[in-house]
Amino acid sequence: MLTKRADFLSAARARRMSRPGFTLQARQRADDEVPDLVRVGFTCSKKVGNAVARNRAKRRLRALAREILPGAGRPGWDYVLIGRPEFTGARDFATMRDELRSAIEAVHAPRKPKP
């Protein structure tokens, strides 16, 4: 679990993939950091809603991560799931599950070189 602000800021500068239900940020950690763990963090700003709405959105993101990341996440990577206003708390859970799988695949896909 990510808890330190520095870890969240490092993920914010790394790869990002947006889906209607959430935004996924991912970064590969340096070799001197914990290499064999998949770490995850969650955040929802006040734009998502009041405290009840933010907590509901984070609960749904945690359930998604618990279900998908053990199989799809890569060791040595940090993932941050960011809730989106009006969508994270109300979107169909099965759809969000598929979106998370596709977002992880897209984040790990090789980057195309710029011409």
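Predicted model: local features only at pLDDT ≥ 70, side-chain atom pairs only at ≥ 80, totals over all residues.
Residues are numbered from 1 along each chain as its sequence is written, and side-chain values use heavy atoms, with hydrogens and water left out.

**View 1. Strands E1 and E2 pair in the antiparallel sense.** E1 covers residues 15-19 and E2 covers residues 22-28, and five bridges link them. Strands here are DSSP runs (E, at least two residues), as helices are (H or I, at least four), numbered from the N terminus; two strands pair if DSSP finds at least two bridges between them. Look for Arg-15, whose bridge partner in E2 is Ala-26. A hairpin of two residues joins E1 to E2.

**View 2. Thr-23 sits in strand E2.** Is Thr-23 buried or exposed? Thr-23 counts as buried because its relative accessibility is 10% (buried means under 20% relative accessible area, exposed over 50%, partly exposed in between, with a 1.4 Å probe and protein chains only). Leaving aside residues up to four places away in sequence, Thr-23 touches, among others, Met-17, Val-80, Leu-81 and Ile-82 (contact means heavy atoms within 4.5 Å).

**View 3. Glu-86 lies in the loop between strand E4 and helix H3.** E4 spans 77-83 and H3 spans 93-108. Glu-86 is exposed, with a relative accessible area of 71%. What is the phi of Glu-86? Phi of Glu-86 is near 70°, a positive value in a residue other than glycine. Most residues other than glycine have a negative phi.
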